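Visitor: I would like to learn how to read pockets, helix packing and domains in a model. Please take me through them.

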Amino acid sequence: MQDILRQKAQRKLVGGYLFYCPDTLTLDEILLVCAKQILCDGGGDDNCPTCQKIQCGSHPDVCVYPKGDAFSTDDSQGVILDAKKKEIMGEYKIIMIKNLENSSEQSQNKLLKVLESPPKNTIFLISTTNLNKVLSTVKSRLLKVDIPPFDEDALTQIFSDYQSQQDFSLAMDYSNGYIGETKQILLDQDFMTNYNLAKNIVTKLKSSSQIVDYIVPKMTKSQFLGTVGLMQNMYRDIALVKSKNSNLVKNKTLIGVFESISDEFSMKAIVEIIKRINDVNKKQYSNVTLSLLFESLLTSILEVKYLCA
Ligand SMILES: [Zn+2]
């Protein structure tokens, strides 16, 4: 991002950038930030009318594609026409194309024509979550920019409106540094439900008579995968606590709880439990009823916990 500001100052902006990371919402945010940096006289940090217009999608020199779900040949045609128009407010015109991975080869080939001879002062800001789905001829016309995950400070700033501190630290533990995942954890009720279920199983399940308390009737695939994935992370964390590697623990929010229960599990038991969760994860793609599979997993975890004690 700093590069774009520098290139702008040196009047060396290139005609097209291809931004890549696995998270769509992160990319959307990056495109907005770049457009502001290029068009705003204050470097995009202020809340000037230019930045506000870009933010709400009403800036006349910023064209956003795709118009529908995926970038289409009609969109390519639109880009060609937009590229010919003269800029109205500022020095540059920006054409944003989001999620180019969803477009056909045909649309990309059509887009290539305008990328090969980009009109003066037109800058393409293109994003993709999958570089393999972007034609190599298109890639070769663009400057590729890998977007690394955000650190905690940056995410704290992005989500400064968010109030609940506890959920926020949890989101930091599990989001992998991307906006989309953070948002999902903060706003998606399912995540918290799965999280609490996983936490209770890992920290409280001690006898087979308790299993019934943790069974979810008609468990959906996303509930199953979400809960089992979180459980696996927690068992891994307990193994890290046991091996005195607490600094590597993912779920820092629960580190105290993991420390207090780590003696309940032998290292051998944890390794075996993680292995069994892996096995179950493979199975769920067949037609097994997920609630039953989940129940048998819990039974098997208890068996291992006491057999390998
Ligand atoms: Zn501004």
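**Pockets, packing and domains**

Guide: The second largest pocket has a volume of about 340 Å³. This is a predicted model: local features need pLDDT of at least 70, side-chain atom pairs count only at pLDDT 80 or more, and totals for chains, interfaces and linings use all residues. Residues are numbered from 1 along each chain as its sequence is written, and side-chain values use heavy atoms, with hydrogens and water left out.

Visitor: Which residues are the closest to the centre of the second largest pocket?

Guide: Gln184, Ile185, Phe191, Gly226 and Leu230, out of 15 lining residues. A pocket is an open set of points on a 1 Å grid over the protein atoms alone, where a 1.4 Å probe fits, with protein on both sides within 12 Å along at least five of seven lines; lining residues have an atom within 4 Å of a point. The volume is the space filled by probe spheres set on the points.

Visitor: Which helix gives the largest share of that lining?

Guide: H11, with 5 residues. H9, H10 (189–204) and H11 (221–242) each supply at least two. Helices here are DSSP runs (H or I, at least four residues), numbered from the N terminus. By class, this lining has 4 nonpolar, 7 polar and 4 charged residues. Ala, Val, Leu, Ile, Met, Phe, Trp, Tyr, Cys and Pro count as nonpolar, Asp, Glu, Lys and Arg as charged, and the others, Gly among them, as polar.

Visitor: What is the volume of the largest pocket?

Guide: About 880 Å³. Its lining has 28 residues, and Glu29, Val33, Lys36, Gln157 and Ile158 are the closest to the centre. H2 (24–39), H3 (49–56), H7 (152–158) and H9 (179–187) each supply at least two lining residues. H2 gives the most, 8 residues. The classes are 12 nonpolar, 8 polar and 8 charged.

Visitor: How is helix packing described?

Guide: Two packed helices are described by the angle between their axes and the distance between the axes. Here H4 (73–84) and H5 (105–116) pack at about 10°, with axes 8 Å apart. That makes H4 roughly parallel to H5 (angles under 35 degrees). Val79, Ile80 and Ala83 are among the H4 residues in the contact, and Leu111 and Val114 among those of H5; contact means heavy atoms within 4.5 Å. The contact residues divide into 5 nonpolar, 5 polar and 1 charged.

Visitor: Where are the domains?

Guide: The domain assignment gives domain 1 (2–148) and domain 2 (188–307). Their centres, taken over C-alpha atoms, are 43 Å apart.

Technical notes. Axes are lines fitted to C-alpha atoms, for helices over the stretch in contact, and angles run from 0 to 180 degrees between N-to-C directions. Angles under 35 degrees count as roughly parallel, over 145 as roughly antiparallel, 65 to 115 as roughly perpendicular and the rest as oblique. Domain bounds come from an automatic or database domain assignment.
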